[in-house]
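Let's go through this one together and ask what backs up each label. Have a look at the sequence and the fold before the questions start.

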Amino acid sequence: MTLAFDGSSIDGSSYTYVVGLAQDAPSWLDTLVRDWSTYGLAVFAVLMLVGWWRARHHSARAAVTALMVPVIVVVAYGVNSVFKLLVREDRPCQSLRVRTLEACPAPGDWSFPSNHAVIAAAAAVALLFVSRRLGTVALVAACAMAVARVWVGAHYPHDVVAGVLVGTLIARALAAFLGRVSDPLAGRLAQSRLRPLLVPA
């Protein structure tokens, strides 16, 4: 049997309060939040695509910065996966055995930190280096994703808070580092077969 951490002692009461609100909420609201929780990450992919498309019309360096966003998100997800394996926190629906909007994941699908929150936050922060407008939209969407993951019962509040922090810190660190190499990298890629990714044909 795998030993797992029970996070209910941290903010289990806050979790049950939010889940209770979800049970009493109008069905249209629950459907909206559940759909956002399930499919909302696709919005960040669209924002990344829009950011790249606009950036390549600005400069090769801007296009390189935009192309780094999905790389940053993948790295953040990978680092978070390691955290999950180290902490091994049971899902709140397993520890508290409450009724939730989203089906309770199987044991071993660890809860801390939230992958959704990490991906959303990392994408939002990285997009700020591409476009303030797109980054701001993504930040609002990331906050909505964090709240949604608690609302549907998938995570404790501390799971999504930690996820936002992990995603933010990794994205800021990587974006700052990659920003220092974007100029020479843009110059090399502009002379290669990848040039169409950086500037319009």
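This is a predicted model: local features need pLDDT of at least 70, side-chain atom pairs count only at pLDDT 80 or more; totals for chains, interfaces and linings use all residues.

Q: How many helices and strands are there in the protein?
A: Nine helices and zero strands. Helices here are DSSP runs of H or I with at least four residues, strands are E runs of at least two, and both are numbered from the N terminus. Residues are numbered from 1 along each chain as its sequence is written, and side-chain values use heavy atoms, with hydrogens and water left out.

Q: What makes α3 roughly antiparallel to α7?
A: The angle. Helix α3 (residues 41–55) and helix α7 (residues 132–151) pack at about 170°, with axes 10 Å apart. Axes are lines fitted to C-alpha atoms, for helices over the stretch in contact, and angles between N-to-C directions run from 0 to 180 degrees. Under 35 degrees is roughly parallel, over 145 roughly antiparallel, 65 to 115 roughly perpendicular, and the rest oblique. So α3 counts as roughly antiparallel to α7.

Q: Which residues make the contact between α3 and α7?
A: Contact means heavy atoms within 4.5 Å. On the α3 side, the residues include Phe 44, Leu 47 and Arg 54, and among those from α7 are Val 137, Ala 138 and Met 145. The residues of this contact divide into ten nonpolar, one polar and one charged.

Q: Why is the disulfide of Cys 93 and Cys 104 called right-handed?
A: Because the torsion about its S-S bond is about 85°.

Q: Cys 93, Cys 104 and Cys 143: what makes each one buried, partly exposed or exposed?
A: Relative accessible area: under 20% is buried, over 50% exposed, and in between partly exposed (1.4 Å probe, protein chains only). Cys 93 has 6%, so it is buried. Cys 104 has 38%, so it is partly exposed. Cys 143 has 52%, so it is exposed.

Q: Why does Ile 119 count as buried?
A: Its relative accessibility is 18%, so buried is the label. Ile 119 lies in helix α6 and touches Leu 41, Val 73 and Tyr 77, leaving aside residues up to four places away in sequence.

Q: What makes a set of residues a nonpolar core?
A: Its members are buried Ala, Val, Leu, Ile, Met, Phe, Trp, Tyr and Cys residues joined through side-chain atoms within 4.5 Å. The largest one has 28 residues, and Phe 44 and Leu 127 are among those with the most contacts inside it. Helix α6 gives the most to this core, with nine residues.

Q: What is the phi of Arg 97, and why is this residue called exposed?
A: Its phi is near 50°, a positive value in a residue other than glycine. Arg 97 lies in the loop between α5 and α6, and its relative accessible area is 72%, so it is exposed.

How values were computed
Ala, Val, Leu, Ile, Met, Phe, Trp, Tyr, Cys and Pro count as nonpolar, Asp, Glu, Lys and Arg as charged, and the others, Gly among them, as polar. A disulfide is a pair of cysteine sulfur atoms within 2.5 Å.
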